[in-house]
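Please consult it alongside the sequence and the coordinates.

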Amino acid sequence: MIAKCCCVGHREIPQDKAGSVKSKLREEIEQAIKDGYTTFTSGFAPGADQLFAAIVVQVKREHEGIRLVADIPNRDELDKLQGTPELSALLAACDSVGCMQAEGFKDIKGARFLVQESGRV
């Protein structure tokens, strides 16, 4: 079984907390790597999910064999993400991009799917 780690979290991160959230996420990602996790999965929801993905992209440059997988809830969400230059670039840095379902798969169902498929959250 592939050691998968995902992040599901708050969509809105207060500006005054952003630095500490980034720092803690990076610590958790680094610890997951030390514990043998090699695949990091994000649903790319705004906030924590996208921040997690951006940090994993940075960490991939420092650690060989690390993968970032985008599991987007549905095709409409993927189209929205691809329409934003910054997020499109983040998706391009992923090793794999897929949709959980063609349509109608949203929010809590997507988070539940990611959690169930991961060994670490």
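Ser42 stands opposite Ala70 in strand E3, which spans residues 67-74. This pairing belongs to the contact between E2 and E3, two strands that pair in the parallel sense over 4 bridges. Two strands are taken to pair if DSSP finds at least two bridges between them. Strand E1 (residues 4-6) is also joined to E2, by 3 bridges and in a parallel arrangement; here Cys5 stands opposite Phe40. E2, H2 and E3 together make a right-handed β-α-β unit, right-handed meaning that, with the strands pointing away from the viewer, the path from the first strand over the helix to the second runs clockwise.

The model is predicted: local features need pLDDT of at least 70, side-chain atom pairs count only at pLDDT 80 or more, and totals for chains, interfaces and linings use all residues. Residues are numbered from 1 along each chain as its sequence is written, and side-chain values use heavy atoms, with hydrogens and water left out.

The protein chain contains 5 helices and 4 strands. Helices (H or I, at least four residues) and strands (E, at least two) are DSSP runs numbered from the N terminus. In order from the N terminus, the elements run β-α-β-α-β-α-α-β-α. Of the 121 residues in the protein chain, 39% are buried; buried means under 20% relative accessible area, exposed over 50%, and partly exposed in between (1.4 Å probe, protein chains only).

**Buried elements**

Strand E2 is covered on both faces: Thr39 and Thr41 are buried on one side, and Phe40 and Ser42 are buried on the other. Which aromatic residues pair? The count comes to 1 aromatic pair, and the rings of Phe40 and Phe52 have their centres 6.2 Å apart and their planes at 50 degrees, so the pair is tilted. By the rule used, rings of Phe, Tyr and Trp (its six-membered ring) pair if their centres lie within 6.5 Å, and planes under 30 degrees apart count as stacked, over 60 as edge-to-face and the rest as tilted. Because Phe40 lies in strand E2 (residues 39-42) and Phe52 in helix H2 (residues 48-60), the pair ties together parts that are 12 residues apart in sequence. Phe40 counts as buried at 0% relative accessibility, and Phe52 counts as buried at 2%.

In strand E3, Asn74 is buried, with a relative accessible area of 2%. A polar atom of the Asn74 side chain lies 3.0 Å from the backbone nitrogen of Asp76.

Helix H4 (residues 85-92) has Leu87, Leu90 and Leu91 as its buried residues. Seen down the axis of H4, these buried residues fall within an arc of 100 degrees, so they line one face of the helix; the arc is that of the directions from the helix axis to the C-beta atoms. The face of H4 turned away from the buried side carries the exposed residues Pro85 and Ala92.

**Salt bridges**

The structure holds 7 salt bridges, a salt bridge being a side-chain nitrogen of Lys or Arg within 4 Å of a carboxyl oxygen of Asp or Glu.

| Pair | N to O distance |
|---|---|
| Lys24 and Glu27 | 3.9 Å |
| Arg26 and Glu62 | 2.5 Å |
| Lys60 and Asp95 | 2.9 Å |

The salt bridge between Glu62 and Arg26 links distant parts of the chain, with Glu62 in the loop between H2 and E3 and Arg26 in helix H1, 36 residues apart. Arg26 is partly exposed, with a relative accessible area of 24%.

The salt bridge between Asp95 and Lys60 likewise links distant parts of the chain: Asp95 lies in the loop between H4 and strand E4 (96-101) and Lys60 in helix H2, 35 residues apart. Both residues are partly exposed, Asp95 at 40% relative accessible area and Lys60 at 21%.

Lys24 and Glu27 are 3 residues apart in helix H1 (residues 18-34) and are therefore separated by about one helical turn. An α-helix has 3.6 residues a turn, so residues three or four places apart point the same way. Lys24 is partly exposed at 44% relative accessible area, and Glu27 is partly exposed at 47%. Lys24, Glu27 and Glu28 are linked in a network of salt bridges.

Conventions. A polar contact is a pair of N or O atoms within 3.5 Å; within protein, one must be able to donate a hydrogen and the other to accept it, and residues adjacent in sequence count only if both atoms are side-chain atoms.
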